[in-house]
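Please have the sequence and the model open while reading.

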Amino acid sequence: MAHLLIIDDDEGTCELIGTAVAGQGHTFDAAPDGAKGWALAQKKRHDLIIVDRTLPGMSGLQFVGRVRRDPRLQKRRIIMCTGSDMSDEVTEAFKAGVNDYVLKPIDLDKFLAKIAKVLGQPGA
């Protein structure tokens with residue numbers, strides 16, 4: 001199974017996502033902001049990063065940009081998870097380099113299907 005990094009300043013969202021992915025057999029690390037997420041991303045190998053768009057300090061978009069510019073991390077798969085479905089913001093996220101985009105409130109079945117698809121697992 002995969003090792004994920006969840007970056008969200010809402011503790012409830014981290015718990016919801018963490019419980020869901022653990023139920024699928026995945027392991028995860030969690031961070032409450034972009035800076036702590038960045039530190040974890042540099043220390044550990046994550047198969048997928050799930051990042052909120054709006055974070056204190058470093059935004060989700062800034063985080064994605066840093067990952068994509070770092071030769072050691074640039075191939076990491078990223079899903080942006082946020083409450084904004086404005087088309088320009090979705091486009092901006094994909095231009096920054098996310099692999100997929102999930103809206104809050106999270107529909108867990110659809111979210112887990114997107115995770116499986118992004119990870120390239122069978123049955124996605």
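## Model and nonpolar cores

The model is predicted. Its largest nonpolar core has 20 residues. Those with the most contacts inside this core are Ile7, Ile49, Val51, Phe63, Val67, Ile78 and Met80. The largest share, four residues, comes from α3. Apart from this core lies another, with 18 residues, among them Leu4, Ile17, Ile79 and Val102.

Methionine 80 has contacts in several parts of the chain. Leaving aside neighbours within four places in sequence, Met80 is in contact with Val51, Arg53, Gly60, Leu61, Val64, Ala93, Val98, Asp100, Tyr101 and Val102.

How many of the six residues of β4 are buried? Five are, so the strand is largely enclosed by the rest of the structure. In a regular strand, side chains alternate between the two faces of the sheet.

β4 runs parallel to β3, and five bridges join the two strands. Isoleucine 50 stands opposite isoleucine 79, a residue of β4.

## Salt bridges

The whole structure holds nine salt bridges. One of them joins the side chains of aspartate 52 and lysine 104, at 3.4 Å from N to O. Aspartate 52 lies in strand β3 and lysine 104 in the loop between β5 and α5 (108-119), so this pair ties together parts that are 52 residues apart in sequence. Is aspartate 52 buried or exposed? Its relative accessibility is 5%, and the cut-off for buried is under 20%, so aspartate 52 counts as buried. Lysine 104 is partly exposed, with a relative accessible area of 24%. Asp8 joins Asp52 and Lys104 in a network of salt bridges.

A second pair is formed by the side chains of arginine 53 and glutamate 92, at 2.5 Å from N to O. This pair also links distant parts of the chain: arginine 53 is in the loop between β3 and α3, glutamate 92 is in helix α4, and they are 39 residues apart. Arginine 53 counts as buried at 10% relative accessibility, whereas glutamate 92 is partly exposed, with a relative accessible area of 39%. Arginine 53 is also among the contacts of methionine 80.

Another salt bridge is made by the side chains of arginine 45 and aspartate 47, at 3.5 Å from N to O.

## A cis peptide bond

Which peptide bond is cis? The bond from lysine 104 to proline 105 is cis, with omega near -5 degrees. Proline 105 is found in the loop between β5 and α5. Lysine 104 lies in that loop as well, and its side chain makes the salt bridge with aspartate 52.

## Histidine 3

Histidine 3 is found in strand β1. At 19% relative accessibility, this residue counts as buried. Its side chain makes two polar contacts listed here: one with the side chain of threonine 27, at 2.6 Å, and one with the side chain of aspartate 29, at 2.8 Å.

Not counting residues up to four places away in sequence, histidine 3 touches Thr27, Phe28, Asp29, Lys44, Arg45, His46, Asp47 and Leu48. Among these are Arg45 and Asp47, whose side chains meet in a salt bridge.

## Glutamine 62

Glutamine 62 has its place in helix α3. Its relative accessible area is 43%, and it is partly exposed. The side chain of glutamine 62 reaches the backbone nitrogen of serine 59 at 2.7 Å. Glutamine 62 and glycine 34 are 28 residues apart along the chain, and their C-alpha atoms are separated by 8.3 Å.

Conventions:
Residues are numbered from 1 along each chain as its sequence is written. This is a predicted model: local features need pLDDT of at least 70, side-chain atom pairs count only at pLDDT 80 or more; totals for chains, interfaces and linings use all residues. Side-chain values use heavy atoms; hydrogens and water are left out. A nonpolar core is a set of buried Ala, Val, Leu, Ile, Met, Phe, Trp, Tyr and Cys residues joined through side-chain atoms within 4.5 Å. Buried means under 20% relative accessible area, exposed over 50%, partly exposed in between (1.4 Å probe, protein chains only). Contact means heavy atoms within 4.5 Å. Two strands pair if DSSP finds at least two bridges between them. A salt bridge is a side-chain nitrogen of Lys or Arg within 4 Å of a carboxyl oxygen of Asp or Glu. A polar contact is a pair of N or O atoms within 3.5 Å; within protein, one must be able to donate a hydrogen and the other to accept it, and residues adjacent in sequence count only if both atoms are side-chain atoms.
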